[in-house]
Amino acid sequence: MSEAALRKVTEHTPEEIEKVKAWINTEEYKEKNMAREALVVNPAHACQPLGAQMVATSFEGSLPFVHGSQGCASYFRSTFTRHYREPSAATCDAMTEDGAVFGGQNNLHEGMENAYTLYKPKMMPVYTTCMPEVIGDDLTSFIRNAKQKGLIPEDLPTPYANTPSFNGTHIHGYDSMLLSILKDLTKDQRVEDKCTGKLNIIPGFDGNVGNLREYKRICDLMDIPYTMLADSSEVFDSGCDGEYKMYPGGTKLEDAAESINGKATIAMQKYSTLHTMKFINAEYAGAKEVMPMPFGVKKTDEFILKLAELFGKEVPQELKDERARAVDAMTDAHQYLHGKKLAVFGDPDYVIGIVSFLLEMGARPWYVVVSRATKKFKKEMDALLETSMYGEGCTCYINKDLWHMRSLVMTDPVDGIIGDTHGKWVARDAKIPLFRIGFPIIDRVNLHRSPVVGYTGAINMLSMIANKFLDIMDETCEDQWFEMMR
Ligand code: SF4
C-alpha cells in the first residue's frame, strides 16, 4: 500500500516508539501489566466451539454442524487444517443479521437439510458460536422441529452442545460435546451384568495424534482390548493414498454405544472431561479412573500400572525395556536440562504433565501460565511444584495471558519457553527458544505426529529441548569453546 493511501490516525516520532519499546520491558510496566484484568492480549486458549468440533469430528461418519456465524466456523476449520495440515470437514448454517434478530431456526433447518442431503453423515453433532448463545436460541426445540418436519431422519443422531465462548475455552467445549454425544449414543444401551471386557479410553483435548497412537500401542502391548472415545488420530492423520475420504477414521458409533458396558473407563485428562466423567461415573459399568497425562517416567509408570491393575495383566517386557531406555536417555541428557529455567504455558492438563517431566529432569518450571483455569488447578500445580526442590521459587499464574508472560520473562529472564505457536512473539522478544508442545502448532511441521506422552514421549521431549540448547551453545560460544563433543 502506498504512503498516500495509508493515512495514519496518530503519528509518533521514532524516538517516542523507541522509548515505549524500552519501557514495556521494565519492572514499572510489568507492575501495571500484571494488574491488568479487563483486557486480554494473546490468550493461550481457543474458543469453546473449537473444542466441540474436535470431538464432533472424531466419530465415524460424523459431520460437525456449527450453528452460528460462518466466520467462526472458518476459524475452527482453518485452525485444525493449519495444525494437522489435513482437511477439516464441518458445516455451518451461516447465521447473519436477520438470524440474530429473528432467531436462527430457519438457518438451522435449511442447513441441516442441505448438509444431510449432500453428505449423508451417520451423525450430525450441533454446537453453537457466540451469536446464537447471546440471543438464546433453543436448540432442543429447533432440532426436534427439524425432525418433525422431516428435514432430517428421525433416527439420525444429532447430539448438541451449547458452547458459548464468552464462558470457558476449547477444553470446556470438548467436554460439553463429548458428554452430549455419549449421552445420545449410549441411551438405553446399558445392560445389567453385561461386560464388553474393553477399556474405554478418553484422550481429552489433545492435538497430538502421536499421543493417541501411543495410548493405543501401550494397550496393544498389554493385550487390552479398547475403544478410544473421540478418536481423532485417523481423522486428522489419514495418510495420502490419492483418494479423498470425507469421513476417515473416528470411533465407531456401535463401539461408542457399547462403551457404557465396558470393563473400565480411563480419562487421560482431568480438566477437559469434568462433566463427561461425572456422567460416566453415574451411568457406566466398570471401573472409572481419571489419570494425569503420562508425561515423563513417573506418570507413565502410574498409567501402565493402573492398566495392569484394572485388567489383571503383567507389564510386558517390551514396555519394561522402553522404560529402561527412557531412564538411560534422561540420564544422558540430564546435564543439559538441569537447572534450566523455563516458562510453561498451555492447557491445564498439558501443563501439569510438562511441569512434572521438567521436575524429573531437574529443570525449573519458573513461570507456569494458564490463561483460563480455576483455583483448584492452581492448588494442584502449587502442590506439584512443592514435591521437588526444583519447584522452589517457581510461580503458577492463572487467568493471565501471554502478554503478561512477556512482562515476566523480560524482567526476570528464563532459558526457554514451552507451549504452542502463540508463544513465538514472546520467545522472539526475549531471544530465547520456544519448544513447541501443545495446540495449535501452525508454524512447524509434523510435531503433532511425534508423541510427548509415554516413555517414547519423554525421549522425544528431552531430545528436542537438550539439542536446542546445544545448538545455541554452538552458535553463540567463543571460538576457544567451540567443541566437537558436547
Ligand atoms: S469467540 Fe465467539 S465470535 Fe469469536 S470465533 Fe469463537 S464463537 Fe466465534
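Predicted model: local features only at pLDDT ≥ 70, side-chain atom pairs only at ≥ 80, totals over all residues.
Local features are reported at pLDDT of at least 70 and side-chain atom pairs at pLDDT 80 or more, while totals for chains, interfaces and linings use all residues. Residues are numbered from 1 along each chain as its sequence is written.

The protein chain contains 19 helices and 13 strands. Helices (H or I, at least four residues) and strands (E, at least two) are DSSP runs, numbered from the N terminus. The C-alpha trace spans about 75 × 70 × 45 Å along its principal axes. The radius of gyration of the protein chain is 24 Å, close to the 23 Å from the globule rule for 486 residues, so the chain is as compact as a globular protein of that length. The radius is taken over C-alpha atoms, and the rule is 2.2 Å times the number of residues to the power 0.38.

The protein chain divides into domain 1 (48-173), domain 2 (199-318) and domain 3 (331-479). These bounds come from an automatic or database domain assignment. The centres of domain 1 and domain 2, taken over C-alpha atoms, are 26 Å apart. In domain 1, 19 residues are in contact with 17 residues of domain 2. Contact requires C-beta atoms, placed from the backbone, to lie within 7 Å. On the domain 1 side, the elements giving two or more residues are α3 (48-57), α4 (70-84) and α9 (170-185). The largest share, four residues, comes from α3. This side has nine nonpolar, seven polar and three charged residues. Ala, Val, Leu, Ile, Met, Phe, Trp, Tyr, Cys and Pro count as nonpolar, Asp, Glu, Lys and Arg as charged, and the others, Gly among them, as polar.

The ligand is surrounded by C47, P49, S69, C72, Y75, T129, C130 and S165 (C-beta atom, placed from the backbone, within 6 Å). Five residues of this shell are nonpolar, three are polar and none is charged.

Helices α15 (residues 348-360) and α16 (residues 375-386) pack at an angle of about 5 degrees, with their axes 10 Å apart. Axes are lines fitted to C-alpha atoms over the stretch in contact, and angles run from 0 to 180 degrees between N-to-C directions. Helix α15 is therefore roughly parallel to α16, a term for angles under 35 degrees. P348, I352, V355 and S356 of α15 meet F377, E380, M381 and L384 of α16. The contact comprises six nonpolar residues, one polar and one charged.

Two local backbone features complete the description. F439 and P440 are joined by a cis peptide bond, with omega about -5 degrees. P440 lies in the loop between β13 (434-436) and α19 (454-476). K120, a residue other than glycine, has a positive phi near 40 degrees. The loop between α6 (105-119) and β3 (126-128) holds K120.

Note on methods. Parallel < 35°, antiparallel > 145°, perpendicular 65-115°, else oblique. Contact = placed C-beta atoms within 7 Å.
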